[in-house]
Amino acid sequence: MSAFVQQLLVLIVAAVAAMIWLGINALVWVYCERKFAGHIQRRPGPFEVGPHGALQPLIDGLKLMGKQLLTPDNADAILYWLAPILSMLPVLLLFLPIPYGPVLTGMDVNLGLLLILAFSSFNGLAVLLAGWSSNNKWGLLGAARAVSQTVAYEIPLLLVVLAVTFMTGTLSLTEITNMQAGHIGNWFIWKQPLAFLIFLVAMFGETNRAPFDLAEAESELTAGFHTEYSSMGFGLFFMAEYGYMVVMCSVCSVLFLGGYHGPFPGVDGWWWMLLKTFALLSFMVWVRWTYPRVRFDQLLNINWKWLLPLATFNLLATALILKL
Amino acid sequence: MNTFRKHVIQPIIDCWSLIVGLKITGKYFCKPLITVHYPREVIDSENLSTYGGHVELIGKPKDPATPKCISCMMCVTNCPSGCLTVVKSKAPKPTADQEAAWKAAEEAGEKVEKPKAPKNPAKFIYDYTKCSLCGTCIENCPAKSLRFSNNIYWVATSRAEMKIDLLARLKGQAAEVSAPAHAPKSEASAPAEKEA
Amino acid sequence: MSAYQNSEQMKGDFYTQKFEAGKRDGTLILNMGPQHPSTHGVLRIVVELDGEYVVRAEPVLGYLHRMHEKMGETQTWGGFIPNMGRVDYGHPMAWNWAYCGAVEKLMGIEVPERAELLRVIMTELNRLTSHLLWWGAYILDLGAFTPIMYAFDDREMLLDILQRPTASRLTYSNFRVGGLQMDVDDKCIEMIKAFIPHFRKRLPMYKDLVTDNLILRRRIEDIGIIDQDMCRRYGCTGPVLRGAGVAYDVRRAEPYSVYDRFDFEIPTQTSACSAGRYLVRVAEMEQSMRIIEQAIEMLPSAQGGYIVDKAPKPAMKPPVGEAYFCVEGGRGKVGVYVVSDGSKTPYRVKLRAPGFSNLSAFAEAATGTLIADAVAILGSLDLIIPEIDR
């Protein structure tokens, strides 16, 4: 009984910690993204609120909270307001099984990877609901795009994750991390370079980030699925987007970059995990501010004609090599 | 084989362009910023001196508070937007004594020298809301009494403020030049003008 | 469907209802604009969508109509020049030139050589700003945010240069009948001389970052075919026509001013797609720089001043008659037709906007493409809505 209570307490603490972690990440990365964008474009980015504009995302959040919550005419109000919540909630859950440090794991489940992959698909559903229920033609187009995109990009993602789990024989992220202990040569990126590349590309598709941000494609669909959302309705989508980015980058660093293990023995710790995740996030931001957006049919073509065959080939090759 | 090259090999080779793109944005990320950081920095005066702001009057070299303007109305006639209002000065009203004296002189058949109206305008109102900054008034001014100001920092919060009394402005500028330390900061004054 | 679609007031305006009449089953009628990020202002396009495919498209104009032609009938001859700066904010100098050229033709004024050269230099610099503005905005339409900032970096330098002889940064109205408003100072010429090598160095960066980019190429190649035949039917000119493989440029075809003295090429592309139009404009920037360089060399030995002696006053009275003058603007053939009845104001001013003809080709070119392509085609036409609505 006491063990159960103890586990429950750990879970609650972890859930609260995950919430805080998500909040901090959203704030930090909104700020970092705008600063990155600014410096790439050779302007300072936010600068007025706080030192170097550091409090800008906080103020933006407050501003969003102060805005009126508008439900469009003839929108399905329940689904309309359910969508942002449905987009946000799973993100909290996704942080639990990720090992941020040797003891910094919210909930060490042996099916952690599966949990993450399963719950991250909720985002597609939330986006579909948002676009569908807001009674807006742009929203509808955005929702239709989002669904085909998330469904399509999940498949190569699953296939490369499967290739990694073939090697590890476990779905627990902690164990996958521990198998990469030692030095940099043990990281799975060297054993699965193709899988890493595919994961990287699919990550952009899965998180709706530019150049694959088709669901909100600003210059085509005005704002896509969240055209009608105001106030924190939009704020939640926005936070969820950054939440998914952090989760995806964390998973990527666990699967391929050795998680909290350092590049040489004896320096393991949560800082490595943080460093790797943030490096990947910076890369995502860098890519966003460099490329134009792909067209929708091209997006699917990249997936079905390139990523999927390559991921399948990678999986078969892994299986074959393991068998031999 | 050609199809294979076109659809498989070529896209992979073309992917190099994506890395080149990242290299360029990465390079510019590390370079210094180029924007002018407004409240902390201002545009250099060299650039500002060629800025064509609203129209302003030029004072006489010896008497900077009085414009060179001779109230010829060329600017008013030629302005395509009708944004200038110039009122000519009237002759000073004669006192009763003077009037009586002139009358007497006229009756006596003498030629009377009545004082002429001064050439300077009594009012010079400029409506910035209508101005299209074409410079037609400046070219057509025979006395060369108009120019574009460098007043880039000017703000107005109402339509009424956009109607500027150019004579008052000129006086303010003259006062500022002669006594910069004591001069009250006039409404339309800006860093740009202090240099001027 | 719902109350809002059935209610009489909310069924949409005249254009939507007219469009609705020929609607196929299972399609969606969508208003792109007048407030849409990629219609550059207030263009409205009614599209019928089958999924994401455009079945029909129709541009609706008039949201920015400012009666410039009618204003011409009430302004004096000289007083109409500022309007020319406002017709097309992208390349106002071409409009200035077309109007002043028409009036000069009417009055038989010979413009001094120096003024002509200065006009060439300024118009070509303005063409560079126009193309840079288009370039940045077009890439923005395609989803990349950064290139527009790089383009505006260079454009800002050009504006600083053009600010000196014109005293304005966007809506230039420094042309006068018989010459120019102000002379160009030596510092300005120096700045131009310094800018050209700088910009030549920047062009490869643009090419690497954007033109060669795999994603961009795939987005704009082979979409929005506007071939020679279509150009002829709709009256497309400028880069749209040159992108279709016709080397027609007013500067070469009917040389006005001193353009017959310069050695420059007319870049053409045979692909007739959005990429063709894109590449033509990028190549034109280089040609404009060549013209500027040659003009600056000729400048010291040029005769006359910046304006003809005894230039007509704004309230001039040209003789009774009519004149048409056309120049090559950033978007195509800019034509101004003026009729005089001998009074202080023009009897009629007709403006021929190239964007209007170019836009009319959009409906046909966009049919059957994806909505994302429609945005890419719209951008490749380089539309400046004030010019289209006038």
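A polar contact is a pair of N or O atoms within 3.5 Å, where, within protein, one must be able to donate a hydrogen and the other to accept it. Keep that in mind as we look at chain C of this predicted model.

Q: What makes a residue pair count among the polar contacts between domain 1 of chain C and domain 2 of chain C, and how many are there?
A: The pair needs an N or O atom from each partner within 3.5 Å, one able to donate a hydrogen and the other to accept it. Between the two domains of chain C, 9 residue pairs are in polar contact, both residues being at pLDDT 80 or more.

Q: Which helices of chain C supply at least two residues each to the side of domain 1 that touches domain 2?
A: They are H16 (371-380) and H17 (385-389). H16(C) gives the most, with 7 residues.

Q: Why is the meeting of C:Arg331 and C:Glu387 called a salt bridge?
A: The cut-off is 4 Å from a side-chain nitrogen of Lys or Arg to a carboxyl oxygen of Asp or Glu. The N to O distance here is 3.9 Å, so the pair qualifies. Across the interface of the two domains, the rule finds 4 salt bridges.

Q: What are the two domains of chain C, and how far apart are their centres?
A: Domain 1 covers 1-64 + 367-390, and domain 2 covers 68-352. Their centres, taken over C-alpha atoms, are 30 Å apart. The contact takes 16 residues from domain 1 and 25 residues from domain 2.

Q: How much area do domain 1 and domain 2 of chain C bury between them?
A: About 1800 Å², with 58% of it on carbon and sulfur atoms.

Notes:
Residues numbered from 1 in each chain as written. Chains lettered and ligands numbered in written order. Predicted model: local features only at pLDDT ≥ 70, side-chain atom pairs only at ≥ 80, totals over all residues. Heavy atoms only, no water. Domains from an automatic or database assignment. Contact = heavy atoms within 4.5 Å. Buried area = accessible area lost by both parts, 1.4 Å probe. Polar contact = N/O pair within 3.5 Å; in protein donor to acceptor, adjacent residues only side chain to side chain. Helix = DSSP H or I, 4+ residues; strand = E, 2+ residues; numbered from the N terminus.
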